[in-house]
Amino acid sequence: MYVAVKGGEAAINEAHKLLAEERRGDPSVSELSVDQIDEQLSLAVDRVMTEGSLYDRKLAALAIKQARGDLIEAIFLIRAYRTTLPRFGSSSPVDTAAMGIRRRISATFKDIPGGQILGPTFDYTHRLLDFKLAAEGDGGHGNSLDEDAGSIDEKVLLDEAMPRVVDLLKHEGLIEDERPGDDDDDVGDLTREPMSFPVERDIRLQNLARGDEGFLLALGYSTQRGYGRSHPFAGEIRLGEVAVEFTPEDLGFPIEIGELTLTECQMVNQFKGSAEAPPQFTRGYGLSFGHCERKVIAMALVDRALKGRALGETVEGPAQDEEFVMEHSDNIQATGFVEHLKLPHYVDFQSELELVRKMRRKMARADADNANNEIVEAAE
Amino acid sequence: MIGADAKAAGSDLNGTGAPNAGFDNPVLQSQAMYRKLLGAMAQPGRILSCELSLDVPAPLWPTTAAAALTLLDFDTPLWLNPGAAAAPALGNYLRFHSGCPLVEATGNAAFAIISDPAELPPLDSFAAGTDEYPDRSATLLIQVERLDDSRGVILRGPGIECKQTLQAKGLPQGFWQQVQENHAGFPRGVDMIFCAQNQIAALPRSTQVEV
Amino acid sequence: MTQAAQQAAIPDEQAEIDAGAGPDPNYNFAYLDEQTKRMIRRAMLKAVAIPGYQVPFASREMPMPYGWGTGGVQVTASIIGPDDVLKVIDQGADDTTNAVSIRQFFERTTDVETTTRTEDASIIQTRHRIPEKALSEDQILVYQVPIPEPLRFLEPRESETRKMHALGEYGLMHVKLYEDIATHGHIATTYAYPVKVNGHYIMDPSPTPKFDNPKMHRMPALQLFGAGREKRIYAIPPHTAVYSLDFEDHPFDVQQWEQPCEICGATDTFLDEVVTDDRGGRMFVCSDTDHCTRDQEAAE
Ligand SMILES: [Zn+2]
């Protein structure tokens, strides 16, 4: 006799055991420490912090370890943890002009006050596998292609004033001015209020900052290929540390509560002008925790593309479509819904089966009737 | 326990003395009260009894206070009728336990407490939401001396199997006509929760009233 | 702020789930913080007051994936109390893996009693089915909803569908259903079959088979719908008229099977098809496992 399948609970428990084993891998290979991940997979940590919306290197490293290196799974762990944290208030806006710079480049000017600073970048490495890194116990500097790297004191570069390149253009009135919104409201938070369209720019930037790097990369790329072209120039990309200040109610003045590493991209885009506005450069903005350079460039492209409607541009590419971009940028939402197809759907499938069978029966009957009619006609 | 730190930090607001205590167990008591509120809203006009031992500032009743503690926080601007607004202990109590901002204009309120139904402003002075967002509308907590569901106006609509009667003592002249107009604006409109000493009943905008 | 005292401890993954030992002390009761519960509770009151209208809410990120019941879980977490008895089903069954996982989540975070018996539950959270046994006024049915907007596949833009609901402009839906009739001779929608609630809003009943639609009509239990990823909550109060869209010449009808359940012999339930071999062998059994085993027990 048939007995309905039971044992979901036991199956889940066994699956969890197998997962723990797989995560650990071969026990004869030494276990990764959270510190090792933090120090040596630091860009993965940066991405998890950025898209997880939580600045905590150790927790991000732990999440990466627990997620077996699946960064979206790690972001998910961080997001779920973040929800449970109480809020004490909003910090003062961080001042990226006062950033302690470690890397800073501008594609729009040959030289800039404070200079171009290459910093820690893959940009001019030759992408040749470095087999020295495969040898264990390399003493920390395995990269033969960059023998001097790692020894410079990055903080040496901090003394000189480094104004933001875009601010230089602002003095001439050549670039659109950007001010905080007119309303006195606090900065919006899409994790605390549902989005409704059209959204304000604060919510848009929050959405993009949390958005999936790959999704934004593809959208940004699509604008370069003509799906909402915006003639971008990388005005400036900077990486470094900024102070975070907070004003406790009972103190009444701001105090420094810590330091963040941020990457910022200010994109400068052409704008031909309209009947009302003279030609002017426009901006796109990207910001991330840690060092997420690809992400902030892509984010700035998409931010600029989404300004299209307000600037009176024809909305023709997906990157310019606010609802499309904002509703699909979140990889935790996306992966949940895409992967939920793994869940049983047999009740709905049964309904569809029944319908398809019914429709096929009906069609077969109709065909048979037609065939009979033809035979009758032929006989006549 | 929730609220413990806040109590220590703000126990003497405006020099008027410590506010009355809130729930002993905010997590479970607000859950229990919410189920009453949800049940009342889901079955308009049905009277639900609430046994509460809450020490509340006049002219608030325990039912009203419990509803307020359950639903209000810093996201919910609150309007108080003049009689309630004139009692500083009440304002302090609500601000202290819920952090809700008090507003002067009825139209800006997400919630309103009307401790004396004689001071109930016209229903259409409160936010009724928009056709696209009818949820952006006020919820009124109206204290009434007595509720009786064996007589009174006849209610019909969602949540009611056939019909339901309801009488609330002390409502102003023309109140039920305003309720009819409120219903006529569906999906826009305000929703009401009547709070008697130990009982509550609700009247959402979806309910038709026959006087 | 009351919230300030709610410092969450780093959860102890090693903490054993010990039935009857009280809720996991690492989390607030039912996981959500109180501010979040209040926000969801307010949204639910509006949802009940405006039957069938989708109330936007600030859905939280839950420790299970979006699309796996986060909306239903947030609704349940906001209403559940220590005296509740919880039943969780997926596809009508208590033992499907995701139902087990959600039930364990609430056992861990609330320590409430759970049950598989429909009539013993005060809260039933479901995905894709309504129990066969009629529900009572003392029960609440919580649906997990993937896409709450019934017009979404006709118009992908929220800004547009919101206008359609505001204006009661539902022509598009009728056109879609009528196109089905023109092409197939009948309406080719078998699940998530749109309904009109209290003569006003068109609503998605979640992907339940249309077989279950008539159960929604004037159901004595309160029905709450949570869509976590799409951040919407909606409701049907008890005894509310829920009408499945149809046409005079093509009235709404439900699925029927030519054979009874092969386990309990029921002829009035939704049947799952179970493939028994690779030569076309199959059998039909109740999707509602509680109903089926109990009918079977009664028969023996
Ligand atoms: Zn059966």
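The crossing of helix 7 and helix 9, both of chain A, is right-handed. This is a predicted model.

Student: At what angle do helix 7 and helix 9 of chain A pack, and how far apart are their axes?
Tutor: Two packed helices are described by an angle between axes and a distance between axes. Here helix 7 covers residues 201-210 and helix 9 covers residues 293-306 of chain A. The angle is about 150 degrees and the axes are 10 Å apart.

Student: Which helix gives the largest share of the side of chain A that touches chain C?
Tutor: The contact takes 40 residues from chain A and 51 residues from chain C. On the chain A side, helix 1 (8-24), helix 5 (71-83), helix 11 (331-339) and helix 12 (346-379) give two or more residues. The largest share, ten residues, comes from helix 12 of chain A.

Student: How many residues on the side of chain A that touches chain C are nonpolar?
Tutor: That side of chain A divides by class. Ten residues are polar and eleven are charged. The nonpolar residues number 19.

Student: Which helix of chain C gives the most to the side that touches chain B?
Tutor: This contact takes 35 residues from chain C and 36 residues from chain B. On the chain C side, helix 1 (34-49) and helix 4 (158-167) each supply at least two residues. With eleven residues, the one that gives the most is helix 1 of chain C.

Student: Which strands are the edge strands of the six-stranded open sheet of chain B?
Tutor: The order of the strands in chain B is 1-8-7-4-3-2, and the pairing is mixed. An edge strand pairs on one side only. In chain B these are strand 1 (48-49) and strand 2 (78-80).

Student: What is the bridge partner of Ala112(B) in strand 4 of chain B?
Tutor: Strands of a sheet pair through backbone hydrogen bonds, either parallel or antiparallel. Strand 3 (residues 111-114) and strand 4 (residues 139-143) of chain B run parallel and are joined by four bridges. The partner of Ala112(B) is Leu140(B).

Student: What angle does helix 2 of chain B make with strand 8 of chain B?
Tutor: Helix 2 (residues 26-42) of chain B packs on the sheet. Helix 2 touches strand 1, strand 7 (191-195) and strand 8 (199-203) of chain B. Its direction makes with that of strand 8 of chain B an angle of about 45 degrees.

Technical notes:
Residues numbered from 1 in each chain as written. Chains lettered and ligands numbered in written order. Predicted model: local features only at pLDDT ≥ 70, side-chain atom pairs only at ≥ 80, totals over all residues. Axes fitted to C-alpha atoms, helices over the stretch in contact; angles between N-to-C directions. Left-handed = near helix turned anticlockwise from the far one by under 90°. Contact = placed C-beta atoms within 7 Å. Nonpolar A, V, L, I, M, F, W, Y, C, P; charged D, E, K, R; others polar. Pairing = 2+ DSSP bridges.
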